[in-house]
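Notebook open, structure loaded. I'll jot down what I look up as I go.

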Amino acid sequence: MPQHRPAVSQMPKPPNAVQGHGNNVKIKAGRSYGQIVRDNVFTFFNIVLFSLGAVLLLLGSPRDAFFTGAIAALNAVVATFQEVRAKRTLDKISLLTRPQATVIRGGQERQITPDEIVVGDLLVVAAGDQVLADGKVTAGQADFDESLLTGEADLVPKRPEEPLLSGSFVVSGKVTYEAEKVGADSFANKLTANAKSAHRAQTPLQSEVNLVVRLLLLVVFFFGAMIATQFFLTENDNLLESVRATSVVFGLAPSSLFLMIVVAYALGAVRIANQGALVQESNAVESLAHVDVLCLDKTGTLTANRIKLNTVQPLGEMTEAAARHALSVYAASTAAGNRTSEAIAAALPGAKQPVAAEAPFSSARKWSALAFDGEGSSQPGAGDVAPLKGVYVLGAPEMLLSHLPLDKKWQPTALAWTAKGERVLVFAYSEEIDQFAGGSDKPVLPARLTPIALISFTDELRPDAKETLAGFREAGIQIKIISGDNPQTVAALAQQAGLGTEDEPLSLLSGPELAAYDGSHFDTAVEQTDIFGRITPEQKQHIVRSLREQGHYVAMTGDGVNDVLALKEARLGIAMQSGSQATRAVAGIVLLQDSFAALPKAFLEGQRIMNSMGDVLRLYLVRIFTLAMLIGAIAMLEVGFPYTPAQNSIISIFSLTIPAFFLAIWAKPGATPHASIVRQLVNFVVPGTIVTGLFSIFIYVYFIYTTRDWHYTQLALTYSSIAMGLILVVFVQPPTKFWTGGDRLAADWRPTILAAGLFVLLIASPYLPILKGFFGLAPLTDWSLRRVTHIVIAVGALMDGD
């Protein structure tokens, strides 16, 4: 009968585990449901509008009360529902990217979730793993990056008995450590508890809109004080009209504008997640729209990250059998394995042998080394094969040239393999163990190495690589490949994936060549190069920084610990789900199931969201600033007040709410400028506000003095404001060049048809019992309707001239 395997929660705890000392602290990365409801419903301006609605109801104006309080409540409820739905979806998906811990219990290594770690656990971390609990190294050696905790980029070597801090991660090497502080007691949790709990980071767009909101708040308080002064210090004792005016004035405060951005990003994150990418930071949605340069590694993007040993060609007097045996022992004996050693071990199973000293693979050095003292195999079944003795080195040919003999007959073969897209390494040997400093922080190789084999690896090209790269070109994004492999190897794979042509060949640059540049020469080289090979992690970071300083909005993809520096330097970091814990921790987006093909779709979705936000903001800001301009002018002329609360809400429904909903659905992707979005909107908002504001003032003054009827003047202005707002919808999404007015051509007739339909519905509403009862609009006389029509045509002509 099969043996029962205990669940993780049933696994025996270590003998020295402390009861109750588990790593079960919960740091909130997002807002709770209660916070979402409170932030969306119980805002200052919502409370004021609810209160004004109650007062209007008591004063006998139920329609004004409804449009003052109920519409604000409806917006809050819809926004809350949408954000809660988005949070539930994203919380479920985010469970897929939770880090895992490797723990030794019962003498066996097992995978557990971080909240199951207890004090006394023995945990194992290797390159790319993040330390999940404070502790002390018990075995092994490794270099750690503590920059997430201290801000210092220098690597920190750790040896037995030295302390480890949670939040740091392994760059190279492998250690076992004992958990001493977990949960709320750990260094990382103490550092981040206050920062992450209920913290709501603002995106750049939110910061800009927040400035606009503050300016409008000053206007609101100014008009509010003016109305209060007029009521208390003059003979005006009409409380109902004063409350109505106050309600309209408080409608100037675009509190829902900030909320609209939050909800749009939340829903955008859900749509992006459905494409296969998890958004970990709110501003990542915004960043997706602005990216114009994408830096990516070959591994996991162009290729499927399934490395296979292809060829072992012995060099010198070494036989192929002896070279394969040495490689098998080398791969089995290394304590800090990587994908290369795993590929060798899979093809050449070997017996582990005691290691005298080790230099783990480093992305900066591009080589690893083991020293054997020849004492024999530590594993049974090794047979009569003599144990290895000496220093064995496996690394990139370019990085070991200074240690190899001048006669390099193997180089033509290496170049031929490289041209086919194969990864080529040199396996070398030295008897001078005393010259090898493998255990130091900066390992040193013996001065002379003897090459014993040239080996090549193949990596399967992703089947969707060509289509994915074409998707980036469609999104207007320039691709730069930054890899630790030979640039010729990378170029061969890139060409197979559809990058580069005979007319426009790919430009290549290696790390050692790039190191010779500085200043403006470095920037020029970075700008003009398509493929970088043999690049160190620090060089990756400098490349990304150079591109940013040259005005590019840079995204960086990565899966290994060597990508962390560049990911943090980029405006948008993108990690693979199967990548190291360290890369996922610093990335704004994680590609679920390593679906690189989802990235172009995510970029297009980000562009679509930002374009829809731009269209809605155009309408929103023109509407608000026009209303402020109108209220101020009428107040100075002392000729009443422009609208009732119900009329103000009807204008917003026809000219803003309904069009904004459909504009968001119909928005198209497209490259967006890197400049401030508020500055981009100025070209539309300023002329739109001036034209609609001046004509609104003219209409009000014209009708008040020709009809001497304040209520009819408000009615005429309501019709005119809706009509002018619908004209703006056409200019926001111009169907033909005639309507562009200096804006981009959308060539989409749907918004125009929507505007025309809403205008017909507006004119028909007084004659339809249901709409008349809801909106309460009376029909205009034929004379008034002609005047309004002429004015709206004039507005369209002036907007087109702008």
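Leaving aside its neighbours within four places in sequence, which residues is Ser483 in contact with? I listed Asp297, Lys298, Val490, Phe532, Gly533, Arg534 and Ile535. A reminder to myself that this is a predicted model. Ser483 sits in the loop between β16 (478-482) and α16 (487-496). I get 1% relative accessibility for Ser483, so it counts as buried, the cut-off being under 20%.

I next looked at Asp485, which pairs with Arg423 in a salt bridge, with the closest N and O atoms 3.2 Å apart. Arg423 is in strand β14 and Asp485 in the loop between β16 and α16, so this pair ties together parts 62 residues apart in sequence. Asp485 is buried at a relative accessible area of 8%, and Arg423 counts as buried too, at 17%.

**Other salt bridges.** My count for the model comes to 13 salt bridges. One of them joins Arg105 and Asp121, with the closest N and O atoms 2.6 Å apart. Arg105 is in strand β1 (residues 101-105), while Asp121 is in the loop between β2 (108-112) and β3 (122-126), 16 residues away. Both Arg105 and Asp121 are buried. I also noted Arg618 with Asp615, closest N and O atoms 3.5 Å apart. These two are three residues apart in helix α22 (residues 598-637), so about one helical turn separates them. Arg618 and Asp615 are both buried. Arg271, Glu605 and Arg608 form a salt-bridge network.

**Helix α12.** Which residues are buried in α12 (residues 339-347)? I find Thr340, Ser341, Ala343 and Ile344. They span an arc of only 155° around the axis, so they are on the same side of α12. Glu342 and Ala346 are exposed, on the face turned away from the buried side. I checked what covers the buried residues: the cover includes β10 (303-314), α11 (320-333), β13 (389-395), β14 (423-430) and β15 (450-461). At the start of α12, a side-chain oxygen of Asn338 comes to within 3.1 Å of the backbone nitrogen of Thr340.

**Surface.** I found a nonpolar patch of about 320 Å² made by Val682, Val686, Ile690 and Leu694. Ile690 is in helix α24 (residues 677-707), and I have it as partly exposed at 42% relative accessible area.

**Whole chain.** Of the 802 residues, 54% are buried. The chain exposes about 35600 Å², with carbon and sulfur atoms supplying 58% of that. Among contacts between residues at least 6 apart in sequence, 71% join residues at least 24 apart.

Methods:
Residues are numbered from 1 along each chain as its sequence is written. This is a predicted model: local features need pLDDT of at least 70, side-chain atom pairs count only at pLDDT 80 or more; totals for chains, interfaces and linings use all residues. Side-chain values use heavy atoms; hydrogens and water are left out. Patches are made of residues with over 30% relative accessible area and no salt bridge: like charges are joined within 9 Å, nonpolar side chains (Val, Leu, Ile, Met, Phe, Trp, Tyr) within 5 Å. Accessible areas come from the Shrake-Rupley method with a 1.4 Å probe; for residues, only the protein chains shown count as cover. A salt bridge is a side-chain nitrogen of Lys or Arg within 4 Å of a carboxyl oxygen of Asp or Glu. Helices (H or I, at least four residues) and strands (E, at least two) are DSSP runs, numbered from the N terminus. Buried means under 20% relative accessible area, exposed over 50%, partly exposed in between (1.4 Å probe, protein chains only). The arc is that of the directions from the helix axis to the C-beta atoms. Contact means heavy atoms within 4.5 Å. A polar contact is a pair of N or O atoms within 3.5 Å; within protein, one must be able to donate a hydrogen and the other to accept it, and residues adjacent in sequence count only if both atoms are side-chain atoms.
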